[in-house]
Structures are given as structure tokens and as C-alpha cells.
Amino acid sequence: MCSKRNILNLYKRLLRESERFESYNFRQVPVSINYAIRRIKDSFKENKTLNDQEQIQKEIQYALKNLDIIKRQAAIGSMYNAGKLVIEK
Amino acid sequence: MIKMAALVYGIRNALVRSSNIILSTGCRASVIGIQKSLHTKVLKPKCSSSLLSVKVNPALRRNFAVAKPSLDDVRERVLRVCKEYDKITADKRTRLPIRLYSSKDPMTLELIRDRVLLVLKLYDKIDPKKLSLDSHFINDLGLDSLDHVEVIMAMEDEFGFEIPDADAEKLFKPGDIVRYVADREDVYE
């Protein structure tokens with residue numbers, strides 16, 4: 001479960017799902033990358049140097065839970081789309 | 001009584017068909033008038049939307065009440081169709097408005113190379129001065145495996161197809177990526 005390839009796969013899936021967030025509320029103007037993407041990148045970088053197997057497992061479980069949350073929220077967000085704000089056009 | 005009904009029916013149909021001709025010659029008001037009085041729907045010409053630059057062949061429109069075409073007419077139309085026959089679009093042509101769902105731009109090896117290098121240059125963790133086809137992402141350009149994943153994702157977005165992890169693991173240089181994309185897109189040079 002904790003091979004390097006699995007972790008990288010998880011990273012990719014998380015980033016892909018976060019790209020689907022549409023609403024302006026999830027973004028920041030100058031960077032135009034949403035909160036989820038930035039948080040994912042930062043936390044993966046931070047935990048890069050972890051060596052303790054148990055800790056790694058815990059982080060993986062945390063990531064999987066968040067993957068589900070992001071999927072759900074992106075789906076809901078796209079269902080109840082409020083239309084583009086003037087700034088975004 | 002029945003004859004009267006048949007007569008009325010005949011006139012009605014003639015009016016409907018003539019409204020079709022009138023429609024094709026562009027007089028909408030009279031068509032609407034006929035429509036309303038007869039409570040019928042006018043048959044619209046088959047291909048009325050002009051979404052694409054591929055022009056719709058007006059000869060495909062059905063005009064039900066046109067007199068029989070003369071020999072010259074037929075000859076001209078056959079010649080026109082033959083002249084317009086073009087192998088590339090021939091089997092895509094249908095009677096309905098044409099939608100080209102899968103038209104790709106022509107890919108050459110050089111184009112792939114340029115696109116890959118452009119994407120990499122736009123990535124801010126890569127120093128464009130060190131970038132070349134043979135520079136190794138991790139050893140030469142100083143990226144780590146997470147950045148490598150991001151690069152592969154950018155390539156997926158650029159070329160529009162998914163790259164499975166097993167393949168992505170082996171792509172460590174821009175040259176590898178170019179070769180991989182060329183293989184997937186069947187570009188041989």
C-alpha cells in the first residue's frame with residue numbers, strides 16, 4: 001500500500017480532482033490556482049522526508065479521505081453552478 | 001361528398017408543398033400565413049444550420065413539388081457531385097449537419113518536440129537555460145518525483161491523452177516524452 005508509485009498515484013489523483021473545482025471562491029486571484037491544489041502540493045512536500053512507516057500510513061489514509069471529500073465537493077459544486085462572476089469573464 | 005373532401009385534401013397538400021418552395025425562395029411571412037391557416041408544419045429544409053465552414057449541399061434539400069429535372073440538369077448535378085468528391089471528407093459526409101468530433105491537427109515530430117519544450121519552459125521550477133532534449137529531470141534539472149508527476153500531468157493536458165503510471169515512470173527526459181507521444185500518435189519520421 002505504501003510503495004512510492006502508490007503515493008505518486010495518489011498525488012496525481014488529488015491534483016486531478018482539485019482541478020475540477022469551478023467556483024471562484026476556491027481560488028486566489030494572482031495565482032489562479034485553487035486552495036486545494038496549493039495545500040496538496042505543500043503537504044506532500046512537507047511530508048517528503050518522512051521515514052516512519054506508521055506515520056506514512058497515517059498520512060496516506062488522511063490523503064485518501066481528503067480525496068473523497070474533494071471528489072464530492074467538486075461534483076456538488078458543478079451541479080449547483082452559480083454562473084461566472086464578472087471578474088472571471 | 002367524398003370528392004369534395006378529396007379535392008380539399010388535394011388543394012391543401014398543394015398549398016403545403018408550395019409553401020415549401022416559397023420557404024426555399026425566402027418569403028417567410030407567406031409561409032407562416034399558410035402554416036397558420038392550414039395548421040400544418042412546413043417541412044424545413046434538411047440542413048438549415050450553417051455552423052461549420054463545410055458548406056451544406058443545397059441539392060440535398062428536398063423540394064417536393066419541383067418539375068421533373070431535365071437531362072441537362074441531371075448531367076450538371078452529377079458532374080458537380082463528382083467534382084466535389086474528395087477522398088478525405090467523403091465518408092464523413094452525411095445528410096445531417098456535419099459534426100467533426102475528432103479532427104486533430106497534423107502532428108509532426110518537430111511539432112511534438114516544440115510543444116513539449118514549450119510546456120517545460122513554462123514550468124517555473126525548470127531553468128530554461130538548462131533545458132534540452134537530453135536533460136534528465138531529476139539528475140540535471142533538479143526536480144523531485146512530485147515535480148515529475150506534475151510535468152507528466154502537464155504533458156497529458158497538452159496532448160489530450162492519459163499517460164499511465166507504468167509508462168510515466170520511465171519518462172525522465174524531454175526526449176523520452178517526445179518519443180512516447182510520437183508512438184502514441186503514430187507519427188513516424
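Predicted model: local features only at pLDDT ≥ 70, side-chain atom pairs only at ≥ 80, totals over all residues.
Which side chains meet in a salt bridge at 4.0 Å, N to O? They belong to A:Lys12 and B:Asp165.

The rule finds 8 salt bridges across the interface of chain B and chain A. It also finds 9 residue pairs in polar contact there, with both residues at pLDDT 80 or more. On the chain B side, two helices each supply at least two residues: α6 (145-159) and α7 (165-168). The largest share comes from α6(B), with 8 residues. By class, the side of chain B that touches chain A has 8 charged residues, 5 nonpolar and 1 polar.

Now the extent of the contact. On chain B, 14 residues are in contact with 13 residues of chain A. The size of an interface is often given as the accessible area lost when the parts come together. Here the two chains bury about 1,300 Å² between them. Carbon and sulfur atoms account for 51% of that area. In chain B, the residues that lose the most area to chain A are B:Leu146, B:Met153 and B:Asp165. Together they make up 43% of what that side buries. B:Asp165 is also the salt-bridge partner of A:Lys12.

The largest pocket holds about 810 Å³ of space. It is lined by 29 residues. Closest to its centre are A:Leu14, A:Ile40, A:Ser43, A:Phe44 and A:Ala63. Four helices each supply at least two lining residues: α1 (4-19), α2 (35-46) and α3 (53-79) of chain A, together with α6 of chain B. The largest share, 9 residues, comes from α3(A). By class, the lining has 18 nonpolar, 6 polar and 5 charged residues.

The second largest pocket has a volume of about 630 Å³. Its lining has 20 residues. Those closest to its centre come from both chains: A:Ile33, A:Ile37 and A:Lys41, with B:Tyr123 and B:Glu150. Chain A contributes at least two residues from each of α1 and α2. Chain B does likewise from α5 (109-122) and α6. Which helix gives the most to this lining? The answer is α6(B), with 6 residues. By class, the lining divides into 11 nonpolar and 9 charged residues, with no polar ones.

α6 of chain B supplies residues to the side that touches chain A, to the lining of the largest pocket and to the lining of the second largest pocket.

Key
Residues numbered from 1 in each chain as written. Chains lettered and ligands numbered in written order. Heavy atoms only, no water. Contact = heavy atoms within 4.5 Å. Buried area = accessible area lost by both parts, 1.4 Å probe. Polar contact = N/O pair within 3.5 Å; in protein donor to acceptor, adjacent residues only side chain to side chain. Nonpolar A, V, L, I, M, F, W, Y, C, P; charged D, E, K, R; others polar. 1 Å grid on protein atoms, 1.4 Å probe; cavity = no way out; pocket = protein on both sides within 12 Å on 5 of 7 lines; lining within 4 Å. Points joined across faces, edges and corners; volume = space filled by probe spheres on them.
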